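Take a moment with the chain and its fold. The paragraphs below walk through them step by step.

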Amino acid sequence: MKPSHLVKMANQISDFFSADCSEEEAAAEIASHLQRFWAPAMRQRLAQAVEQGEAGELRPAACLAVQKLSFPVDE
């Protein structure tokens, strides 16, 4: 999936959760949503896009949420 599509979806989720709470609270809710409903590959691709500077349009709360995501450790 293209990073731009993931950013767009993450921003929509961010807009929903950011409407009624602080940025930090919204980030926690966004991270929880991404962990529950996004495939691991989608979460990893979004995190990679943020790390590589390909997610410039990502809302601040969504960017904080990406930092809160946990990924399985490769063994």
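The sulfur of C63 lies 17 Å from the closest cysteine sulfur, that of C21, and this is too far for a bond. A disulfide is a covalent bond between the sulfur atoms of two cysteines. In this predicted model, the number of disulfides is zero. C21 is in no disulfide, and its nearest cysteine sulfur, in C63, is 17 Å away. How accessible is C21? C21 has 28% relative accessibility, so it counts as partly exposed. C63 counts as partly exposed too, because its relative accessibility is 24%.

The largest nonpolar core has 21 residues. Among them, A10, I13, I30, L34, W38, L46 and L58 touch the most other members. Which elements give two or more residues to this core? They are helix 1 (3-18), helix 2 (23-37), helix 3 (40-51) and helix 4 (60-68).

Set aside the neighbours within four places in sequence, and L58 is in contact with V7, A10, N11, V50, C63 and V66.

Next, take the helices in turn. Helix 1 has 16 residues, which should span 22 Å at 1.5 Å a residue. The C-alpha atoms at its ends are 21 Å apart, which agrees. Its buried residues are P3, L6, V7, A10, N11, I13, S14 and F17. Their arc around the axis is only 165°, so they sit on the same side of helix 1. The general rule behind such a pattern is simple. An α-helix has 3.6 residues a turn, so residues three or four places apart point the same way. K8 and F16 are exposed on the other side of helix 1. The buried residues of helix 1 pack against helix 2, helix 3 and helix 4.

S14 belongs to helix 1. Is S14 buried or exposed? S14 counts as buried, because its relative accessibility is 2%. Beyond residues up to four places away in sequence, S14 touches I30, R59, A61 and A62.

Helix 2 comes next. Helix 2 has 15 residues and reaches 21 Å from its first C-alpha to its last. That is close to the 21 Å expected at 1.5 Å a residue. A26, A27, I30, A31, H33 and L34 are the buried residues of helix 2. They cover an arc of only 160° around the axis, so they share the same side of helix 2. Helix 1, helix 3 and helix 4 are among the elements that cover these buried residues.

Helix 3 follows. At 1.5 Å a residue, its twelve residues should span 16 Å. The end C-alpha atoms of helix 3 are 16 Å apart, which agrees. R43, L46, A47 and A49 are buried in helix 3. Seen down the axis, the buried residues of helix 3 fall within an arc of 160°, so they line one face. A41 and E51 are exposed on the other side of helix 3. The cover over the buried residues of helix 3 includes helix 1, helix 2 and helix 4.

R43 is found in helix 3. R43 counts as buried because its relative accessible area is 7%, and the cut-off for buried is under 20%. What does the side chain of R43 reach? The side chain of R43 comes to 3.4 Å from the backbone oxygen of Q35. Leaving out residues up to four places away in sequence, R43 touches L34, Q35, W38, L69 and F71.

Last, look past the end of helix 3. Just after helix 3, G53 takes a positive phi of about 75°. E54 is found in the loop between helix 3 and helix 4. At 39% relative accessibility, E54 counts as partly exposed. Apart from neighbours within four places in sequence, E54 is in contact with P3, R45 and A49. How far is E54 from V66? The two are twelve residues apart in sequence and 13 Å apart in space, C-alpha to C-alpha.

How values were computed
Residues numbered from 1 in each chain as written. Predicted model: local features only at pLDDT ≥ 70, side-chain atom pairs only at ≥ 80, totals over all residues. Heavy atoms only, no water. Core = buried A, V, L, I, M, F, W, Y, C linked by side-chain atoms within 4.5 Å. Buried < 20%, exposed > 50% of the residue type's maximum accessible area, 1.4 Å probe, protein only. Helix = DSSP H or I, 4+ residues; strand = E, 2+ residues; numbered from the N terminus. Contact = heavy atoms within 4.5 Å. Expected span 1.5 Å × (residues − 1). Arc of directions from axis to C-beta. Polar contact = N/O pair within 3.5 Å; in protein donor to acceptor, adjacent residues only side chain to side chain. Disulfide = S-S within 2.5 Å.
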